[in-house]
Amino acid sequence: MLKIYSTEPFESESRSTRFGFLAVLAALFCALLLVAATACPAFAMETERWTAKSNQDSGNEVMGGTPTRVTWQGQSSEDESISSLTLDLPEGSVVDAANVKVTVLSGTERLDTEWTVNVNGSQAEVIFGEPTEPGQMVMLEFNECVLPPAGGTFPVAGTYTLADGATLDIPDSGKSITVVGTTAAESLSVWLNDQPAVQAWNSVKFLHLFFDPAIAVTSVPAVFSGWLLALAMVIISFPLAIPLGLMWSFMRMAKNRILCGIASCYINIIRGTPLFLQIYIAYFGLPQMGVNISGFAMGIIVLVLNSSAYLAEIFRAGIQSIPKGQFEASRSLGMNGAQTMLHVIIPQTVRRVIPTMTSEFILMYKDTSLLAAVGVYEIISNARIITAATGNMTPYIVGAIFYLIVTIPATRAINHMEKRLAEGSRKRKKARAQAEAAGVIEPAPVAMRAVATDGDADMTTSMRLSESFAISPEGALYAQEKKAERHKARRDDKDGKGDARE
């Protein structure tokens, strides 16, 4: 027998189960909302500003131990009327109640509100004569506030009291002040500003504008870093410019017209245009061609190319100042052109051009200041940054002192070398005259033969003898005779009359 069962009881049961499940979920959701509401209390006031003005001469940071301005600004809600407010500055801060300013704003309008300030250590309490109206903005400014010298990051901390007596915490709203530690130079600067002698010095406008002791102290670290960079550039550039300049001088004196023309064109262009223009062409022209080099490396390249042109003329003048008799005497010893230049001419040339080369080194060192125009942070560039921040010319004076640290000793070294070279030349001439008068020095031909027989065994002694002989009248006469003999030998060989060397 077929039995038929109805599905209505099952459908009603499943529907009631779903309703019950949804009711449980709704109850849980409401419970969670209540827990969240009790766990996260809402702050009606909102902190809109919590900042400190930068008090650094060459940066945008806030230094501890140095006076600055700290500003707090808060917006009350539409149902809050504030009767007093207490703000906790960072522990270790120093502020005077006379330097605290309170402003109450309604929109953009400043309100005339009575208030008093009490400062207890690093805590400042503001009490209003009458509670503020709901929804108004309160701003506190702490002028000449000294933050902790050790530095750190400090969020907003404090409380405010409503007209009904309720006290609530001031929310930080995620804002904080970052303070950097005070360096020794900055601490010394603050100490100098408090000294009566420095204050009297700065009372004279001219003295304060061009040399403020406090600014000078804080400028030294930044200018010193630029000084090290300038020295590094010169120490790298000048040794690289010397062989390049020597190469240009040889090309300038070469008999090959092409080499001579290339060297002459390069030297005349470099010496005939300002270094400032060459720097601009290199820094702004090469990047447009796809050549991207760091400012430090580009500065070295420009200095090397510029200085090599001047060194080329210095070397050329030094080589051409050597008497031609030296060349003839060296050739008579059997030396070729390269040996003569390497062992005889260049050593004497270097001794003669050392003072001029030192002057070129000083000029290159001072020319590094031109790189400030293209963003290389050397002496002048760092001094300019501090001057822009302080409006004072003292950093440039500090930069001038760093230049003088190098240029004055180098100039004295040049004078000393020139004096020694002059004295050495006089002493050699006097000793040679005395030796000739006493008959110590052998006649020229005999001395020349002695030098020739030495060969390579004692090259140093031979060079000294050949130099002494070549600059004498006898040496010049001997060189002319040897030159005439060589010409005669070549003519005889050409005419087929035999070889005169046999």
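The axes themselves are lines fitted to C-alpha atoms, for helices over the stretch in contact, and angles run from 0 to 180 degrees between N-to-C directions. Helices (H or I, at least four residues) and strands (E, at least two) are DSSP runs, numbered from the N terminus.

This is a predicted model, in which local features need pLDDT of at least 70 and side-chain atom pairs count only at pLDDT 80 or more, while totals for chains, interfaces and linings use all residues. Residues are numbered from 1 along each chain as its sequence is written, and side-chain values use heavy atoms, with hydrogens and water left out.

**First stop: the helices**

Select helix H5 (residues 213-253) together with helix H8 (residues 295-320), which pack at an angle of about 45 degrees with their axes 5 Å apart; H5 and H8 are therefore oblique to each other. Their crossing is right-handed, a crossing being left-handed if the near helix is turned anticlockwise from the far one by less than a right angle, and right-handed if clockwise. By class, the contact of H5 with H8 has 22 nonpolar, seven polar and three charged residues, where Ala, Val, Leu, Ile, Met, Phe, Trp, Tyr, Cys and Pro count as nonpolar, Asp, Glu, Lys and Arg as charged, and the others, Gly among them, as polar.

**Second stop: strand S5 and its partners**

Now select strand S5 (residues 100-106), where five of the seven residues are buried, so that the strand is largely enclosed by the rest of the structure. Buried means under 20% relative accessible area, exposed over 50%, and partly exposed in between (1.4 Å probe, protein chains only). Six bridges join S5 to strand S9 (residues 137-146), and these two run antiparallel; Val100 stands opposite Phe142 in S9. Two strands are taken to pair if DSSP finds at least two bridges between them.

S5 also pairs with strand S6 (residues 109-111), in the antiparallel sense and over three bridges, with Val104 opposite Leu111. S5 and S6 form a hairpin with two residues between them, and Gly107 in the turn has a positive phi of about 75 degrees.

Next, display the open sheet of five strands, which has the order S7-S8-S4-S11-S12 with antiparallel pairing. Its edge strands, each pairing on one side only, are S7 (115-120) and S12 (167-169), and neighbouring strands of this sheet are turned by 15 degrees against each other on average, direction ignored. Six bridges join S7 to strand S8 (residues 123-128), and Thr116 has Ile127 of S8 as its bridge partner.

Then move to the open sheet of three strands in the order S2-S13-S10, where the pairing is mixed. S2 (62-63) and S10 (152-155) are the edge strands. S2 pairs with strand S13 (residues 176-180) in the parallel sense over two bridges, and Val62 stands opposite Val179.

**Last stop: the cysteines**

How many disulfides does a search of the whole structure find? With a disulfide taken as a pair of cysteine sulfur atoms within 2.5 Å, the search finds zero. Select Cys260, which counts as partly exposed at 23% relative accessibility, and then Cys265, which counts as partly exposed at 43%.

Note on methods
Parallel < 35°, antiparallel > 145°, perpendicular 65-115°, else oblique.
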